[in-house]
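Please read the following briefing with the sequence and the model side by side.

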Amino acid sequence: MSYPTITPYLIVPEAEKLIDFLVKSFDFSQGVCHHGPDGKIMHAELRLGDSMIMLGDANDEYPANPTMIHLFLPACDSFYHRALEAGASSIREPQDQEYGHRSAGVRDYAGNQWWIACEILGFTMG
């Protein structure tokens with residue numbers, strides 16, 4: 001398996017819950033998933049297109065640390081609404097930006113921000 005040069009690693013409470021959210025909201029596919037003796041996720045890998053996110057359950061040694069991730073997807077509005085249906089809260093509804101993208105933002109249960117964007121078809125800088 002090939003790994004991207006840069007791969008975000010998320011440490012969250014209830015990692016299984018985040019995996020479920022990412023699959024339902026954005027069509028991530030789950031790869032490997034290793035559990036510790038206590039049943040918590042030590043390491044999981046999820047892919048989306050040519051990118052990957054790794055994640056694991058928070059613990060005393062590695063506490064949860066919310067982050068912000070930007071996803072470039074084919075249909076901003078559709079994925080925004082899917083994320084809300086999967087339990088996210090809205091940060092910003094989809095809107096056209098002056099630089100030719102349509103973008104929106106959601107926050108998952110663990111406080112991570114997911115920014116979703118797509119190109120505005122026919123946009124030209126002028």
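This is a predicted model: local features need pLDDT of at least 70, side-chain atom pairs count only at pLDDT 80 or more; totals for chains, interfaces and linings use all residues.

Residues are numbered from 1 along each chain as its sequence is written, and side-chain values use heavy atoms, with hydrogens and water left out. Within these terms, the protein chain has two helices and eight strands, which follow one another from the N terminus as β-α-β-β-β-β-α-β-β-β.

**The chain as a whole**

- The C-alpha trace of the protein chain spans about 55 × 30 × 20 Å along its principal axes.
- Of the 126 residues in the protein chain, 39% count as buried, where buried means under 20% relative accessible area, exposed means over 50% and partly exposed lies in between, with a 1.4 Å probe and protein chains only.
- The accessible surface of the protein chain is about 7400 Å², and carbon and sulfur atoms hold 52% of that area; such areas come from the Shrake-Rupley method with a 1.4 Å probe, and for residues only the protein chains shown count as cover.
- Among the contacts in the protein chain with a separation of 6 or more, 56% are between residues 24 or more positions apart, a contact being heavy atoms within 4.5 Å.

- An open sheet of four strands has the order 1-4-3-2, with mixed pairing, and two strands are said to pair if DSSP finds at least two bridges between them.
- Strand 1 (9-12) and strand 2 stand at the edges of this sheet with a single partner strand each, so one side of each is left without a neighbour in the sheet.
- From one strand to the next, the twist in this sheet averages 20 degrees, with axes taken as lines fitted to C-alpha atoms (for helices over the stretch in contact) and angles running from 0 to 180 degrees between N-to-C directions.
- Strand 1 and strand 4 are parallel and share four bridges, and in this pairing Tyr9 stands opposite Met54 of strand 4.
- Helix 1 packs on this sheet, where it touches strand 1, strand 2, strand 3 and strand 4, and its direction makes about 5 degrees with that of strand 3.
- Strand 2 (residues 29-35) and strand 3 run antiparallel and are joined by five bridges, with Ser29 opposite Arg47 of strand 3.
- The hairpin of strand 2 and strand 3 has five residues between the strands, and Gly39 takes a positive phi near 90 degrees there.
- Strand 3 also pairs with strand 4 (residues 51-57), in the antiparallel sense and over five bridges, and Leu46 has Ile53 of strand 4 as its bridge partner.
- In the hairpin of strand 3 and strand 4, with two residues between the strands, Gly49 takes a positive phi near 60 degrees.
- Strand 3 (residues 41-48) is mostly covered, as six of its eight residues are buried.

- Strand 6 and strand 7 (residues 101-107) run antiparallel with five bridges between them, and Arg92 stands opposite Gly105 of strand 7.

- Ser25 lies in helix 1 and counts as buried, because its relative accessibility is 0%.
- Not counting residues up to four places away in sequence, Ser25 touches Phe79, Arg82, Ala83 and Ala86.
- Glu85 lies in helix 2 and counts as exposed, because its relative accessibility is 69%.
- The C-alpha atoms of Glu85 and Lys24 are separated by 8.8 Å, with the two residues 61 apart along the chain.
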